[in-house]
Amino acid sequence: MIDPVLTQSFESRLLGSLVRPNDVEYDEARELVNMFHNGHPAYIVRAADAADVIRAVEFAREHDLPVTVRSGGHSVPGYSMADGSVVVDMSGMTAVSVDPETRTLWAQPGATTADVLAATQPHGLALSTGDTASVGLGGLTTGGGIGFLVRKYGLTIDSLRSAEIVTADGRLLTASKTQNSDLFWAIRGGSGNFGIITSFEFDLQPVGMILGGAIILPVTREVLRGYADYTTTAPDELTTIANVMPAPPLPIVPAEWHFKPAFIILVAYAGDPEEGQKVVAPLRALAEPVAELLVPMPYAGLYEFTAEGAKRHHATVKSGFMDGLSDAAIEAIVTNVETAFDPFAMIQIRGLGGAMARVPNQATAFGHRDKSIFLALINTGAEEENRQWTERLWNELKPFASGVYVNFLGDEGEERVHEAYPPMTYARLAGVKLRYDPLNIFKLNQNIKPAGSPAEHRRAKRFSRIMASLVPNPVPEIW
């Protein structure tokens with residue numbers, strides 16, 4: 001327990017607000033999208049600006065409390081609402097600003113893809129973000145950002161110009177190619193290990209009308225093979241996300257297919273819609289479509305197809321990158337569909353390549369750009385049998401995986417964190433961690449421990465404490 005007088009003093013200096021366990025809004029404030037997670041933090045700081053973030057980090061450090069960060073609340077392992085922690089809740093920092101002349105976006109970390117779309121689409125511009133409109137930019141960007149434009153314009157981090165970040169010693173730094181470039185490299189894929197982002201500056205790209213929608217096919221070995229081979233080599237304008245899942249009971253889907261496992265390909269062709277029809281034709285030709293809804297639409301309209309992902313739900317997730325979709329992996333998927341498919345399950349397959357793959361692996365901390373397939377098992381069932389189904393199928397598919405996307409990684413242990421980064425990338429990240437967070441204050445994440453010997457740790461910790469004592473408040477106190 002912390003002296004209430006000290007807590008009140010801390011609260012009085014916040015532009016935002018402080019939520020305690022006994023407050024009426026506490027239970028609502030600690031909700032995450034994944035309903036399996038039920039963390040009980042010590043305090044939730046609803047930050048209003050960078051100064052609030054600095055004060056929250058200082059408060060946690062002074063009282064030896066762990067720090068965690070919440071943006072959109074989509075954390076797969078639930079780290080953003082950990083027991084006993086000081087949660088720095090960025091969900092109220094949602095401001096975005098667009099300069100259409102320079103094609104630049106400034107955004108706070110609590111802003112979602114929906115917020116970005118609302119600001120950019122009127123100008124015929126877009127940012128390559130994720131695939132669900134409610135995901136916060138903070139976690140999405142620091143993990144990489146794989147979405148509907150990844151083959152055309154790369155990962156979210158590939159559009160990042162600069163970021164402002166609060167470090168463990170309470171400094172507010174700018175990270176860019178010319179300022180604190182080591183930190184800039186690390187936050188592009190290294191997750192939340194190095195500080196708390198308070199604002200981003202992105203380049204925007206021209207995206208107006210697209211060819212978007214879904215093609216629903218039967219689940220066969222030929223369809224999976226054809227999808228994997230074509231979508232990784234198709235023109236860059238075509239990005240797809242395919243799901244083996246129960247067909248929805250929509251009017252366009254024949255009644256005999258309702259709730260039957262199907263292969264649903266979400267299509268985003270970021271180019272001339274008429275040309276897009278030609279590019280998509282090989283997918284349509286893989287088998288007689290069960291149903292299809294593929295039309296010219298504003299880019300923002302595509303997110304209506306993933307709106308269910310924004311709702312609170314249970315989720316068990318296992319995932320990994322693959323060097324192609326092997327025949328053995330296809331056999332495991334199809335056999336499961338034919339004999340034991342879970343009605344709450346989704347087997348997601350994404351064909352990668354394109355612009356994402358043309359950036360060298362070493363250019364950012366996201367180190368698996370050479371992988372052509374990303375596969376994820378997502379089970380929304382709440383029962384133990386649903387979890388067991390996911391584990392069983394993943395055990396069959398894991399031998400074919402090589403690396404994992406940190407944003408889709410659950411609480412799966414240190415070995416899996418290492419799988420998120422090639423060895424040289426991990427070693428470099430550990431070095432940056434030693435420089436900016438030697439005390440490992442930011443450890444409630446997919447944690448990368450500081451590098452170095454015990455003596456180096458001691459020197460770095462002394463330096464960190466000295467810097468923390470010298471940092472002035474960035475704005476006048478609020479009384």
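The largest cavity holds about 40 Å³ of space. This is a predicted model, where local features need pLDDT of at least 70, side-chain atom pairs count only at pLDDT 80 or more, and totals for chains, interfaces and linings use all residues. Residues are numbered from 1 along each chain as its sequence is written, and side-chain values use heavy atoms, with hydrogens and water left out.

Rolling a probe the size of a water molecule over the atoms shows where empty space is left. On a 1 Å grid over the protein atoms alone, a cavity is a set of points where a 1.4 Å probe fits but cannot get out, while a pocket is an open set with protein on both sides within 12 Å along at least five of seven lines; lining residues have an atom within 4 Å of a point. Searching the whole structure gives two cavities of 30 Å³ or more. Among the residues lining the largest cavity are Gly143, Gly189, His368 and Tyr421. As for the second largest pocket, its lining includes Met1, Ile2, Arg20 and Asp23, and helix H1 (residues 4-12) supplies the largest share, three residues.

| Space | Volume | Lining by class |
|---|---|---|
| Largest cavity | About 40 Å³ | seven nonpolar, four polar, no charged residues |
| Second largest pocket | About 300 Å³ | seven nonpolar, three polar, two charged residues |

Now for the packed parts. Beyond its neighbours within four places in sequence, Leu137 is in contact (heavy atoms within 4.5 Å) with residues including Pro109, Val116 and Phe200.

In the loop between H3 and strand S3 (67-70) sits His63, partly exposed at 25% relative accessibility. The C-alpha atoms of His63 and Ile2 are 7.7 Å apart, although 61 residues separate them along the chain. Not counting residues up to four places away in sequence, His63 touches Ile2 and Leu6.

Note on methods
Grid points are joined across faces, edges and corners, and a volume is the space filled by probe spheres set on the points. Helices (H or I, at least four residues) and strands (E, at least two) are DSSP runs, numbered from the N terminus. Ala, Val, Leu, Ile, Met, Phe, Trp, Tyr, Cys and Pro count as nonpolar, Asp, Glu, Lys and Arg as charged, and the others, Gly among them, as polar. Buried means under 20% relative accessible area, exposed over 50%, partly exposed in between (1.4 Å probe, protein chains only).
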